[in-house]
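Here is a short briefing to read alongside the structure. Please have a look at the model before going on.

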Amino acid sequence: MKSLAKEISKGRVFVSDGAWGTFLQQKGLKPGECPEEWNCSHPESVFEIAKSYIDAGADMILTNSFGGNEFKLLPYGLHNKVVELNRAAAEISRRAAGSENYVLGSIGPTGKMILLGDVTYEELYEAFKKQALALEQGGVDALLVETMSDLEEAKAAVTACRDNTKCEVICTMTFEKSGENEFNSMMGVTPTDMVNTMITAGADIIGANCGNGMENMIGITREMRKANANIPILIHANAGAPVYRDGETVFLETPDVTASFIKPLIEAGANIIGGCCGTTPEHIARIVKVVNELK
Amino acid sequence: MNSEELLAKLSECVEFGKVNKNAPFPPAMKGMDGADELTAQALEMGVDPVDILNNALIGAMDKVGEKFSQKKIFVPQMLISAKAMNAAMEHLKPYFQSGQVKRKGKFIIGTVAGDLHDIGKNLVAMIVEGAGWEVIDLGVDVNAAKFMQAIDTNPEAVVGLSALLTTTMASMKNIVAEIKGKYPEVKLIVGGAPVTEAFKTEIGADGYSDDPQGAVSYLNALVA
Ligand code: B1M
């Protein structure tokens with residue numbers, strides 16, 4: 001079986017994919033429509049997105065399943081379609097990736113807070129377990145628990161993936177800058193807290209995603225590397241912070257700017273680098289170029 | 001304890017999130033009376049509910065908000081403070097609702113469609129209610145149809161919309177346009193972290209505030 005962690009231990013730097021949501025909108029996804037439903041209703045459009053990142057030179061692609069847990073699907077009346085939608089997501093990305101490239105099954109937060117009594121840890125665990133199993137069945141190589149802000153929810157997801165599947169497990173959280181060289185998630189979790197907790201919960205790879213652009217990721221990566229010298233680190237950065245302009249959310253970090261931070265990011269300790277909201281195949285192609293030049 | 005000391009203590013409970021005597025949080029205040037007990041005591045002592053709100057609760061939430069924006073505290077602490085404020089408001093509500101404090105008008109509030117953030121919206125609702133308005137809270141993810149339905153039954157109400165995401169600012173714009181299309185005379189006030197005065201003007205809303213106090217001033221000015 002392929003193993004990202006094993007390749008990384010041999011010194012390889014991987015490039016991952018870019019944004020999906022904004023891309024789906026360009027292909028006609030309307031506000032209020034469920035992105036995951038497109039895996040069954042518009043599989044070719046989803047395939048084209050996946051394929052565009054492989055064509056840009058990415059070594060791996062995600063799946064269109066970020067909101068594919070039963071809590072997020074409930075308002076669309078699709079909570080009984082968790083298995084179907086996630087399996088389809090995995091199959092589409094697998095088809096685009098071929099057998100050499102990797103497919104990471106995306107698992108995002110539920111939007112419910114344990115702290116407020118919205119849900120229990122056990123309910124979260126069961127929901128993530130169902131999603132993880134469907135993604136594994138659909139053929140993903142690894143599961144990517146991403147964009148987490150609450151440590152308990154992240155732990156429920158990582159543990160559910162670890163206990164119930166044979167996939168490599170990756171976990172990223174979203175951090176904001178809270179001071180000079182200080183970063184915190186919305187819930188106040190630091191990169192250091194996160195690294196230690198997620199390794200204990202069984203993550204093979206940890207990291208950060210979303211946020212306010214590639215530059216902040218350098219500081220976050222440094223802190224994570226300091227907390228653990230060996231754990232592989234994955235970084236998926238937004239193309240800058242979201243900005244509202246003429247009725248749309250736009251991201252203004254250009255591929256040139258993103259590319260300029262890749263060398264210091266690798267020096268800080270990142271092993272897998274890709275994009276998040278607002279990044280395009282062009283951003284990914286530029287990252288690929290820098291990574292190849294550094295080889 | 002005199003009433004001043006009592007209100008100072010109550011303020012501290014809200015600032016640090018001490019909900020009631022049994023609440024384990026914060027550890028440093030273990031076993032002490034919380035917002036729940038102290039508000040009851042203040043009322044028993046005869047302190048005016050409006051003074052409790054203005055002199056203890058709102059000041060405390062202002063401090064919490066400030067620490068939150070400076071990233072000295074995070075969402076969990078913010079939520080626990082809001083919970084303590086809520087516990088105090090439960091005691092005050094009967095006074096505001098019974099007419100002992102005169103109602104100034106009706107205020108419909110909701111977080112716009114696609115947006116699930118409600119911490120700020122709830123604070124605005126609580127403080128506006130405390131300022132003497134009857135509040136009709138439509139919750140989160142509220143679309144134009146739901147706002148219009150509430151306006152149909154309460155045509156004299158002022159309507160507040162909250163949005164926390166750049167993506168749902170677009171939704172706010174559409175909802176404002178729909179409401180104004182059907183009810184041009186209804187006053188609309190908008191708010192939420194990414195919303196600005198310029199955005200308010202762009203989308204044709206009537207009022208904007210970056211905090212609950214500003215929303216109260218706007219509303220009060222309408223009935224003054
Ligand atoms: C009518 O008149 C008025 C007048 C004044 C009004 C008003 C109306 N409404 C508000 N005000 C004003 O008065 C209030 C009191 O002073 C103020 O209200 P605020 O709401 O501004 O302030 C509150 C008192 C405290 N602030 C808050 O409560 C928001 C705090 C942060 C941390 C936040 C939280 C808590 C949450 N979140 Co969200 N969240 C963030 C926020 C980041 C941050 N550090 O601020 C923000 C807003 N979130 C963000 C994101 C991206 C998201 N969130 C999401 C989810 C969540 C949680 C569920 C985890 C949770 C919400 C829980 C809840 N029940 O509300 C997701 C979206 C879900 C959805 N569809 O809505 C998700 C998309 C994350 C994801 N990928 O899943 C970002 C928005 C980026 C952008 N500009 O678009 C964000 C800035 C974090 C970040 N830096 O990335 C004023 O604005």
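How many salt bridges are there between chain A and chain B? The count is 1 salt bridge, meaning a side-chain nitrogen of Lys or Arg within 4 Å of a carboxyl oxygen of Asp or Glu. This is a predicted model, in which local features need pLDDT of at least 70 and side-chain atom pairs count only at pLDDT 80 or more, while totals for chains, interfaces and linings use all residues. Residues are numbered from 1 along each chain as its sequence is written, chains are lettered from A and ligands numbered from 1 in the order written, and side-chain values use heavy atoms, leaving out hydrogens and water.

**Interface**
- The salt bridge joins the side chains of Glu176(A) and Lys71(B), at 2.8 Å from N to O.
- The contact (heavy atoms within 4.5 Å) draws 16 residues from chain A and 12 residues from chain B.
- Together the two chains bury about 1200 Å², with 69% of it on carbon and sulfur atoms; buried area is the accessible area (1.4 Å probe) lost on putting two parts together, summed over both.

- His117(B) is the only protein donor of the ligand's cobalt atom, through NE2 at 2.2 Å; donors are N, O and S atoms within 2.8 Å of the metal (3.2 Å for Na, K and Ca), and sites may look incomplete, as water is not among the atoms.

**Overall dimensions**
- The C-alpha trace of chain A spans about 45 × 45 × 35 Å along its principal axes.
- Chain A contains 13 helices and 12 strands, taken as DSSP runs (H or I, at least four residues, for helices; E, at least two, for strands), numbered from the N terminus.
- The radius of gyration of chain A is 17 Å, close to the 19 Å that the globule rule gives for 295 residues, so chain A is as compact as a globular protein of that length; the radius is taken over C-alpha atoms, and the rule is 2.2 Å times the number of residues to the power 0.38.
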